[in-house]
Amino acid sequence: MSQPVPTPHALAEALLKRRAAHMLIAEETGSNTTIHVFGSDLHQLRKQSWEEFPDCRIEHHFQRPFRPQVCYAGSFKILETVQACQDEPIKLGCQIQPDHGKWVGTAGLPVRYKAPDGADIYCLLTCWHVAAGEEKPLCRALHQPTIEYPPIATPLKCLEPRPDAVNLADAAIADTLLGGHHTISPKILILEEEPAMPATPEENLNVLKVGRSTGLTYGVVVATGAAVRVNYPDGDRIFENQVVIEGSGEPFSAPGDSGSGVFDSALLAPVGLLFAGNDQLTIATPIKQISHRLGLQWPFLP
Amino acid sequence: MTEEHITPRKLQIEVKLPPQLSDQANVLMPCLVSAAGQALQTFFAVFLECISKPPASGYNPGDRKRC
């Protein structure tokens with residue numbers, strides 16, 4: 001008799017109880033289920049019992065904590081295209097900085113938000129922790145590439161993850177209408193193409209992203225439905241149903257790439273929003289998970 | 001009075017539309033919300049403003065030099 005595979009939410013609930021584990025992934029192998037437990041302290045992990053999954057095989061793996069890919073501003077050089085100032089209409093995949101924020105991230109995807117009055121609002125999608133204000137949930141304006149240049153968008157709506165809760169996303173949209181014109185292009189920097197309709201990420205899918213720190217990189221989805229613990233500056237946050245990506249030969253992301261869109265590399269279909277990682281793996285949220293909750297419409301240009 | 005007797009009441013207003021506007025009345029009815037309960041003259045002012053408003057949405061890319 002085959003065992004039921006634990007849901008991403010059940011994995012996240014189990015992760016909430018244990019500070020030492022950073023990621024849980026359930027793998028179905030024939031009629032058995034294996035729970036892969038990742039953490040930086042294997043001794044601590046092995047002492048724990050996993051009574052929630054009585055019939056599952058538990059495997060422990062060494063893994064460093066995941067940190068949101070934020071880079072503190074001040075010491076970086078603006079040399080590459082993705083870090084440089086862009087003229088309008090701005091292709092996304094470029095660097096942004098919130099006013100009153102000492103960090104930079106990436107403006108990842110052009111998205112269309114359907115306002116309650118039915119109006120289409122053309123926005124950029126990034127991470128909540130990129131667009132967050134120092135004291136408020138969102139900053140007042142996003143600048144490109146730094147606050148020394150004019151703003152390009154006004155944060156509008158966010159999915160703010162909470163400590164000690166099971167979260168689904170760390171995302172924010174910002175209205176790009178300024179002075180009667182939209183500041184952004186439907187195209188992605190370097191790729192010079194418009195994204196296709198969003199798709200669901202699956203294991204072994206080849207993906208790419210364009211981000212502020214590592215530019216264009218390629219990788220492969222190694223797991224979906226993962227529960228992960230992300231190490232924010234003010235405390236950890238647990239996420240369920242996340243996508244795990246491994247770089248192809250080089251790291252897929254680095255601090256500053258938060259907010260990048262992750263695409264199916266064959267179709268250029270958006271599949272995720274990059275928001276965390278360590279030196280080996282990158283974590284992204286399925287784009288449909290964000291789209292549904294923020295009220296986004298596709299395609300960008302109806 | 002029990003709870004089930006308390007029902008929301010919609011404000012019913014009767015208006016006569018000029019013949020050239022009557023065909024569009026259904027489409028533009030949401031604009032009536034802000035005019036409800038006011039004089040007919042005000043209603044037509046709002047009504048006409050709704051007609052003359054440019055579309056609320058539409059992608060309009062800028063071409064400003066920022067750098």
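In the predicted model, buried residues account for 56% of the 302 residues in chain A.

Chain A contains four helices and 24 strands. Its radius of gyration is 19 Å, close to the 19 Å given by the globule rule for 302 residues, so chain A is as compact as a globular protein of that length. Along the principal axes, the C-alpha atoms occupy a box of roughly 60 × 40 × 40 Å. Contacts were also examined by sequence separation. Of the contacts between residues at least 6 apart in sequence, 64% link residues at least 24 apart.

The interior was then considered. Nonpolar side chains tend to be buried together in soluble globular proteins. In chain A, the largest nonpolar core comprises 62 residues. Met23(A), Leu124(A) and Leu125(A) have the most contacts inside this core. The neighbours of Leu125(A) come from several parts of the sequence, leaving aside residues up to four places away. Among them are Ala107(A), Gly108(A), Leu109(A) and Val111(A). Leu125(A) also touches Ala171(A), Ala172(A) and Ile173(A). Further contacts of Leu125(A) include Gly259(A), Leu273(A), Ile287(A), Ile290(A) and Leu294(A). A second core is separate and has 15 residues. Its members include Leu15(A), Ala20(A), Leu24(A) and Ala227(A).

Chain A carries 24 positive and 34 negative charges.

Definitions and conventions
Residues are numbered from 1 along each chain as its sequence is written. Chains are lettered from A and ligands numbered from 1 in the order in which they are written. This is a predicted model: local features need pLDDT of at least 70, side-chain atom pairs count only at pLDDT 80 or more; totals for chains, interfaces and linings use all residues. Side-chain values use heavy atoms; hydrogens and water are left out. Helices (H or I, at least four residues) and strands (E, at least two) are DSSP runs, numbered from the N terminus. The radius of gyration is taken over C-alpha atoms; the globule rule is 2.2 Å times the number of residues to the power 0.38. Buried means under 20% relative accessible area, exposed over 50%, partly exposed in between (1.4 Å probe, protein chains only). Contact means heavy atoms within 4.5 Å. Lys and Arg count as positive and Asp and Glu as negative; His and the chain ends are not counted. The place of a charge is taken as NZ of Lys, CZ of Arg, CG of Asp or CD of Glu. A nonpolar core is a set of buried Ala, Val, Leu, Ile, Met, Phe, Trp, Tyr and Cys residues joined through side-chain atoms within 4.5 Å.
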